[in-house]
Structures are given as C-alpha cells and as structure tokens.
Amino acid sequence: MDNNPSPTNNKIVTRFAPSPTGFMHIGGVRTALFAYLYARKQGGKFILRIEDTDKARELAGSIAHIQESLRWLGISWDYGPDKPGPFGSCVQSERLPSYRAWAEKLITAGFAYPDPYTEEQVAVFREQATKENRPFLYRQHRPSTFETWDGTKPLRLKAPAIKRYHWHDVTRGELSAGEEMVDDVVLIKSDGYPTYNFAHIIDDYEMGVTHIMRGDEFIASTPKFLSIYDALGFAYPTFVTLPPILRDDRTKKLGKRDGAKDILEYRTEGYLPEAMVNFLALIGWNPGTDQELFTTEELIAAFDIRKIQRAGAAFNETKLLWMNKQHLLRKSQDEQFSYVLNALPPTLLAQPQYSEQRLKRLLPTILERVSVAVEVAEAFAVGEYDYVFASPAYDQSLLRWKNDTSVVAVKPRLEHAKTLLVTADFSNAETIKASLWPYTDEVGRGEILWPLRVALSGKERSPDPFTLAYILGKEETLLRIEKACAKIGE
RNA sequence: GGCCCUAUCGUCUAGUGGUUAGGACGCAAGGUUUUCAUCCUUGAAGCCGGAGUUCGAUUCUCCGUAGGGUCACCA
C-alpha cells in the first residue's frame, strides 16, 4: 500500500524488465517511464533487468537497442545489463544458479515437482479443456507421487493453496480472482531456464524491488504469482497496474503487430526526447492540475502513482505533434538553429544565396509552421523556402493585386516602396514596417503589400513582406523589387 | 466458454451525493493593420443503458451492454 511514502525513502526500488525480443514501442517505454519517475520521485533505485529466458524468441542486438532507446529519453538506470548490483547481474541468463537454488528449496519443501508428462500429453489435456469450454488447469492432472527431478523435465509448482486470492493494487484497489486461476505453473523449463513466472519473483526479491509497475495483462495471472510468493515465503511487493495504451482507433491494445513503431523511429523523425517523455507521462497519468507541459524534472517532482489512470488510453499522434512544437518553441535559439539545420537537405548549403545569417533570420518563420523535423525537411523538399536562398522565378501576373485591372498598375507603387526602403532601417521587421507604413495607408494595404510580398517571395502564400525583407537583407530586397518592376515592363 | 479488468466531449483528461460538468489536442467561426502560419477570442462537442439507495445520482449499489485482458516449457 502506498501510505504517503516519504520523499527521501531510499528503500523504494522499481524496475523495468523487458525481454530482448526486438525494439521497444510506446507501451514498453511508458511502463519504463512510470517506474523511473516513481523511483526518482522517491529517491529510490531504478533497475533495468533483461529477461532473456526464452532463447528461441531472443533477437540479437535487442539489449543494446533497448538501452539506446531509454538513454535517448533520459531514462537512466541505477543497475542494468551494463551495471551489476550488489545482488549480481541484471541479466536473467546470468542468474541461473540463483533460480536453481530456490527451485531446490521448493522441492525440499514439497512445493515443486517434475512434470512427468511429455509436451504432447500436456497439449492433449489443454485441447480437451478448450473443447469443453473450460479453462485449462494442469493441476487437475497432477501426479499422485512425485519423481526425483533430474533437470531434464519441467519443474512445476505444487500450488500451496487452491483458493481465491485477494490482493491490493495501488491503481485498481482491492482485486481478487478465483481458484480457477491458480495452477501448477512451470518454474524451470526443460532447457534449464526459468520461466518468467518464477524468475521475476526471485529477481524482484533478491533485488529488493518494492513496487512492480506493469500492464493490466498481468492481473489475470497474479494468483499464480501469489502462489509462488507463498511457496517461497516471500512477502508480496506493491502492485501498480498501468492502464493499456490502445491503438488510435481504440479497438485494441497497441502492439508490435498492429503498427506500433520502434520508439527510436520517433527520434529519426525529429521528435524531442523531452516532448516524448512529456507526452507519454500524460497517457494514463495526470498531475491533477491543468498543467500539460512538463520538463522531465517537473514530471519527477509532480509524479504521484495514486493519480495513475485505470482506463486504457488511445495513442494520439496529433497531440504528440503539438507537444513537440511546444517544447521546440521553448528551446534556445542556438538549439533551434541546430535542430533545423540537421533537418535540412545538404544541397541547401549549395544554394546561390545561402548564408547562415539568412537561415537564422528564417528560423522563426520555419518554426511557427512546423511541429517536428520531418516537416522541416518536407517543407524544403517541396520548395517552400526556395525563394530565400535563390531569386524566385514567377509569373508576373501574380504581382497584380485583386483590385487592380492590370499588373502595370502596381509598378509605380513598387518603385515608390523601393525608394522608401533605400533609406529604411533594416535592423528588424518592425523598423522596416515603420518605414513603409505611412505609404500603405496612403495607397491601400493590399495595393502595395501584396505585390511587394510577391516580388520578394514569388509566392502566393508566404510570410509578410516586412519579415521577408528582413530575412533577405536590404541589398537583396531592393534587387528583387527592381527585378519585379523590370518584369512588369517587359 | 470460465475468470478478471475497464467505462466523462472524436482523443487525452479534471471533477463532485446538489457544479452553467472544467482544461488540453483536434474541429468551426471571428479577430490580430494584405496571403499562409503564429497568436487571441468565441463556439460546437461528453457523464454507455436500466433499476435500486437517496429529498436529490455523472458520482454509491446491483443488473445489463460494450470494449479489453487472460486461461503456454512467451514474457
């Protein structure tokens, strides 16, 4: 139970325990994040444990990939595959003697026995149960006498009690499940590796894990776990069930088979790790206030497991985009500049008018139109900013303001604007605007601002002419107006 | 099929035995001294259904309904 734990309680230990079977997606990362946030909030420890007890499903490179994913997000671990703890390795395949020792104790105590059946025989039992529409229970076939375990057969738990189990869950309250959920589960497989059921309990015990955060798919099997705790004589840890993350359409849980992306793909697309962390924290948790934008430090300070949601939540990429933009806008100018620069095609630097200064002046314009780096790349790929780094080529009829009958009418206005700009102060868009403003009042706003903007950008849609003039600088601005005027004369 | 979990705008969510049910994303309209974008304002949009308890239920209870999970020598 979570009885208002002290913020300096060093005894809090949480863990994230993935199996190295591929990349990490949103769901796994969110579980890791909550365990991390809680440990940091409580001043406790966070362990990254690798559950590699299924050799068949293991995928080479997964461990490194998982670590890279967490590091990208700033989720740091106190003990992990690269940092053993006082309890030894954080990789289950390196902890086999420990599982073996506990298994022997259970055998001695009469709580474990070798499975006398072949896999085929057990499969027949299971098919029979399925055919009869009842849950499969191995213990209904438990042998009356136990053989000696030679390590070649699966070792099973002899469930210490066939009963309804009750337990407390921080987010779900009082839970229970009937005896049909209690069974003689496999503890050690015939290949000598422990099952998840057994190994995670031994590890959590030996590593001093106090709070277990995990998805709600584990609620159903909790009675099986509790039987094992009881047989081993371990006290139960605190259970914290996390709500599932659902697909966009809410039809099912987000999973790898249903298009869940590798979390590192978001990095490739240019999402900021702090935005991703902020976003994930708010799926299934809330601070109880209206605050939505958090730094990771703020999340740690605000995190409270009692505010974890019960219901499943859909993953909504549109809001992630918005959140990324908010975090991007809060970055320093230097950080924003390198962010944008990294997203740009290398060919841009070869553009005739490219300069760092011009790109820097363009920066606010870019950032107010995109949310993430891939959109920056896309904007440049479709030529949205071509005019900034090369003289625009365009149809002169575009220069005509809608109130003018002919494009010729705008020429004298552009020429006058040019004379005003010759003496204008170009230190920013506002000063440029000030020099032009009286004249726009005189001839009409659209009458001069539209053709001026088109003369500078060549585009139907673009930033305002003052901003454009500032980005281009005085020399280039005057040159482009001149060119536009010349074009009208043709 | 058994067992278990869940249910507030389209989405993420706040909230209470009596509230005009609040915020955010998205959407729509208007405005911010031309267009696009930004920004601001406004708006549409919700308590799954039925009983019960109660003076009063979105809130508590029960029954439905819907969705999800689970019943491996996977985790």
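Student: In this predicted model, how many bridges join strand S5 to S6?

Tutor: S5 covers residues 165-169, and S5 and S6 form a hairpin with 3 residues between them. One of the pairs is His-168 with Glu-174 in S6. The two strands run antiparallel, and the number of bridges joining them is 5.

Student: In what order do the strands of the open sheet with S3, S4 and S7 lie?

Tutor: The edge strands are S3 (112-114) and S7 (186-188), each of which pairs on one side only. The twist averages 40° from one strand to the next. The sheet is open, its pairing is antiparallel, and the order is S3-S4-S7.

Student: Which residue in S4 is the bridge partner of Pro-114?

Tutor: S4 spans residues 155-157 and is joined to S3 by 3 bridges. The two strands run antiparallel. For Pro-114, the bridge partner in S4 is Leu-155.

Student: Which residue stands opposite Arg-15 in S2?

Tutor: Strand S1 (residues 13-16) and S2 run parallel and are joined by 4 bridges. The residue of S2 that stands opposite Arg-15 is Ile-47.

Student: Are the residues on the two faces of strand S2 buried or exposed?

Tutor: In a regular strand the side chains alternate between the two faces of the sheet. In S2 (residues 45-48), Lys-45 and Ile-47 lie on one side, with Phe-46 and Leu-48 on the other. Both faces are covered, and all four of these residues are buried.

Student: How many of the residues of strand S9 are buried?

Tutor: Strand S8 (residues 211-215) and S9 run parallel, joined by 5 bridges. Among the pairs is Arg-214 with Thr-241 in S9. S9 (residues 238-242) is mostly covered, and the buried count among its 5 residues is 4.

Student: What is the count of buried residues in H4?

Tutor: H4 (residues 119-131) has 13 residues and reaches 18 Å from its first C-alpha to its last, close to the 18 Å expected at 1.5 Å a residue. The helix is hardly covered. The count of its buried residues is 0.

Student: What is the phi of Asn-133, and why does this residue count as exposed?

Tutor: Asn-133 is in the loop between H4 and S4. It counts as exposed because it has 6 C-beta neighbours inside 10 Å, and the cut-off for exposed is 12 or fewer. Most residues other than glycine have a negative phi. Asn-133 has a positive value in a residue other than glycine, with phi near 55°.

Student: Which residue with a positive phi follows H16?

Tutor: The helix covers residues 429-443. Phi of the residue that follows is near 110°, and that residue is Gly-444.

Student: How many C-beta neighbours inside 10 Å does Trp-450 have?

Tutor: Trp-450 is also found in helix H17. Trp-450 and Val-410 are 40 residues apart in sequence and 9.5 Å apart in space, C-alpha to C-alpha. Trp-450 counts as buried, and its number of C-beta neighbours inside 10 Å is 22.

Student: Which element gives the largest share of the surface near RNA strand B?

Tutor: Of the 63 residues around RNA strand B, those that come nearest are Glu-51, Tyr-196, Ala-311, Ala-313 and Asp-464. The elements giving two or more residues to this surface include H4, S6 (173-177) and H10 (317-329). The largest share is 5 residues, and the element that gives it is H17.

Methods: Residues numbered from 1 in each chain as written. Chains lettered and ligands numbered in written order. Predicted model: local features only at pLDDT ≥ 70, side-chain atom pairs only at ≥ 80, totals over all residues. Expected span 1.5 Å × (residues − 1). Pairing = 2+ DSSP bridges. Axes fitted to C-alpha atoms, helices over the stretch in contact; angles between N-to-C directions. Buried ≥ 20, exposed ≤ 12 C-beta atoms within 10 Å, placed from the backbone. Near = placed C-beta within 6 Å.
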